[in-house]
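Take a look at the sequence and the structure below. Then read on for a short report.

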Protein chains: 2
Amino acid sequence: MKQADLLTRTVKENPKDEISLNAKLLTRAGFVDKLASGIYTYLPLGLRVLSKIENIVREEMNSVGAQEILMPSLLPKDNWEKTGRWNVEEMYKIHDENLGLGWTHEEIITPLMKKHILSSHDLPKAIYQIQSKFRNEPRAKSGILRGREFLMKDLYSFHNNEESLNEYYERIKKAYFRIYERCGLKDKTYLTLAGGGTFSSSSHEFQTITSAGEDIIYICKECGNAINKEVFDKKCSCGGKDFIEEKAIEVGNIFKLGTKYSKVFDLKDENGKHLIMGCYGLGVSRLMGAIVEVFNDDKGMMWPKNVAPFSIHLVSLDMGDNDVKQKAEEIYDILQNSNLEVLYDNRDEKTAGEKLNDCDLIGIPMRIVISQKTLKEESVEIKKRGEEKTELLKIKDLIDFLKNDIQDI
Amino acid sequence: MKQADLLTRTVKENPKDEISLNAKLLTRAGFVDKLASGIYTYLPLGLRVLSKIENIVREEMNSVGAQEILMPSLLPKDNWEKTGRWNVEEMYKIHDENLGLGWTHEEIITPLMKKHILSSHDLPKAIYQIQSKFRNEPRAKSGILRGREFLMKDLYSFHNNEESLNEYYERIKKAYFRIYERCGLKDKTYLTLAGGGTFSSSSHEFQTITSAGEDIIYICKECGNAINKEVFDKKCSCGGKDFIEEKAIEVGNIFKLGTKYSKVFDLKDENGKHLIMGCYGLGVSRLMGAIVEVFNDDKGMMWPKNVAPFSIHLVSLDMGDNDVKQKAEEIYDILQNSNLEVLYDNRDEKTAGEKLNDCDLIGIPMRIVISQKTLKEESVEIKKRGEEKTELLKIKDLIDFLKNDIQDI
């Protein structure tokens, strides 16, 4: 993609109406545009990141045998009245209609499964969707970490015995950790024991450590699991009593729902036994916000390679020099033809300083600079985001270098 | 995918609350599930088709230089009051909030572009999204052809002279025809002159001929273009006066908006000239419904290859026979490993008749049957959906046959 054409525009100043770091950086770098409190447009760079995270989540859900569907967002009042969740703060209701907007989907998936699970032959089943959710958040001040509209993966599993639920619950824990690993967050993300909340008495969260975290967790030095502050009583289930206190962001939550919803909608097996359900949430846009909160420095964002909007930021300085310009175009074509994802800064009107600052702000993992100076050496300058070291590399060796190196960015 | 595990369930009877053929067939075949009038869940088979159409649309939009973004669905009242479209029938409003649900996005994209188009240097620009839209339709009776919630691609283009808009408008016409071609609809789809509607006085539609069509079009025998009934005055712009009358479904509409929205939001170039806009809609779920209305017979649906949920329906009869079962599993693995998209009917409890009826109902382009009878000949039976002819093929020749044939399914 040529940056001169790209719908993005970096700005130096922080937006005045944003408090959170993720919103400041994503806005300044042209990844998102705020429409209203907690409501954002994803611009091309932002949508590329969001889609990459979405696909990682999709692949890992498919890998544990979950099947993707797409439920609606416009949801009938009747279903919610049955569970007593029509008059809750979270629900946006449509004026003059018996419809509300989906902020979770137990009330839809449970009656749907009545049509599909006719006997224990059909069990277990795990069904998920990735979809925009809507939630009435009077104080949405955390950028894309807590929106009124946000992208979420919600998975529901159905079983007719505890062992089956427990086994699937453990598989999901592993799948979630694979997601965080692929998003670069594994070292900073902990499984925590959490309170029941709206849903049930038994739940776990995945918490990513960052100074911007709204939650406090206590990490057990013994077993490495953690406990949320609200349910912390100074000892771990492993027996451990030594903890590290950290601020963290919740990036996933999983619940054993038991028979709460299957009873309301009378979902049962052929023996008349109500099914046991699990539910597994992961905020895709929230995860994107968490990545920004974790990977940044005073110059901008630093995307992990799997979720970066592009792999390579090719920057041509001295665009007034025809030799530089021509060689830059040539390199861009070669990189494109090698199926590398390249953002090519071909802007005429920007100074070298502005271009290099934009590189740091946007945070693509590898920067390749071509200028009069490097061209004299028949070279380009290579620099990884987050490292100070630059390296001159002969242009003829570039593709070989990238082929070897791109895996390690 | 193994059919015994798949979240789908075919039913013989037509749903009682559906009038339209697309809703009847998609429901009976387990592609969609109706939640409320004009509101459907896409089950795995349905979501596969929807995603394939979505990706075709995305590729063709990218091919004409359009950039993808994702705007929100929760939209502030202020923007709509400026254009006088807050109090329109289409708009779902959130109770007690100054928010409405997006049924189109001129009111959002136009002020957004004010931040990005600073001079004629930044023109032309074409920006699109693919997103769930919401529209208050009191009488939603056409299945997924006209939903209260539906998936739509909306593209907006920005220009500072008529020639640029006209040129882009023609490129989009061609891109739309490529979409219909890839969806199997090219021969039945016509560009029509249409009335202005909500937006402007100048617009075109793409209409696909089918007996289920809600619209009447007149196709000019001279030039092949068509005219919608509402604006038909018995002669064509080419001079032709001979027409064929047909029923048709609108599967796309394009408008020259002129300066209508750029004036309201004061979007202009550096010379103070208001930008000229075009807008280009295509209902992705509606297109899926149109494909069903066109490609069916009394036994079920008949998906064109590019949008079929799977390429091959492998059906094992005589599942009680271990040799048949084992050979079927073997063939399934081979097909999977050849990167073919296969739905494998491995269900134990279904009769041969039920299985073959389900094949016709679901409508995958190629059926491969293995049974005691075919296995005696070391063969499988091949049949294409929509053809009566069956053919025995030696199992050892299957992959070679498919490699040659899969392009022509």
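## Two copies

This is a predicted model. Chain B can be laid on chain A by a turn of 180° and a shift of 0.0 Å along the axis. The same surface serves both copies. Of the contact residues of chain B, 100% recur in chain A.

## Where the chains touch

Chain B gives 35 residues to the contact, and chain A gives 35 residues. On the side of chain B that touches chain A, several elements give two or more residues. The strands are β1 (32-36), β2 (39-42), β3 (67-68), β4 (74-76) and β6 (125-134) of chain B. The helices are α2 and α4 (106-114) of chain B.

What kinds of residues make up the side of chain B that touches chain A? They divide into 21 nonpolar, six polar and eight charged.

## A helix pair in chain B

Two packed helices are described by the angle between their axes and the distance between the axes. Helix α2 (residues 44-63) of chain B packs with helix α7 (residues 284-294) of chain B at an angle of about 115°. Their axes are 9 Å apart. α2(B) passes α7(B) in a right-handed crossing.

Which residues make the contact? From α2(B) come Val49(B), Leu50(B), Ile53(B), Glu54(B) and Val57(B). From α7(B) come Val284(B), Ser285(B), Leu287(B) and Met288(B). The residues of this contact divide into seven nonpolar, one polar and one charged.

How values were computed: Residues are numbered from 1 along each chain as its sequence is written. Chains are lettered from A and ligands numbered from 1 in the order in which they are written. This is a predicted model: local features need pLDDT of at least 70, side-chain atom pairs count only at pLDDT 80 or more; totals for chains, interfaces and linings use all residues. Axes are lines fitted to C-alpha atoms, for helices over the stretch in contact, and angles run from 0 to 180 degrees between N-to-C directions. Helices (H or I, at least four residues) and strands (E, at least two) are DSSP runs, numbered from the N terminus. A crossing is left-handed if the near helix is turned anticlockwise from the far one by less than a right angle, and right-handed if clockwise. Two residues are in contact if their C-beta atoms, placed from the backbone, lie within 7 Å. Ala, Val, Leu, Ile, Met, Phe, Trp, Tyr, Cys and Pro count as nonpolar, Asp, Glu, Lys and Arg as charged, and the others, Gly among them, as polar. Copies are superposed by least squares on the C-alpha atoms of residues with pLDDT of at least 70 in both.
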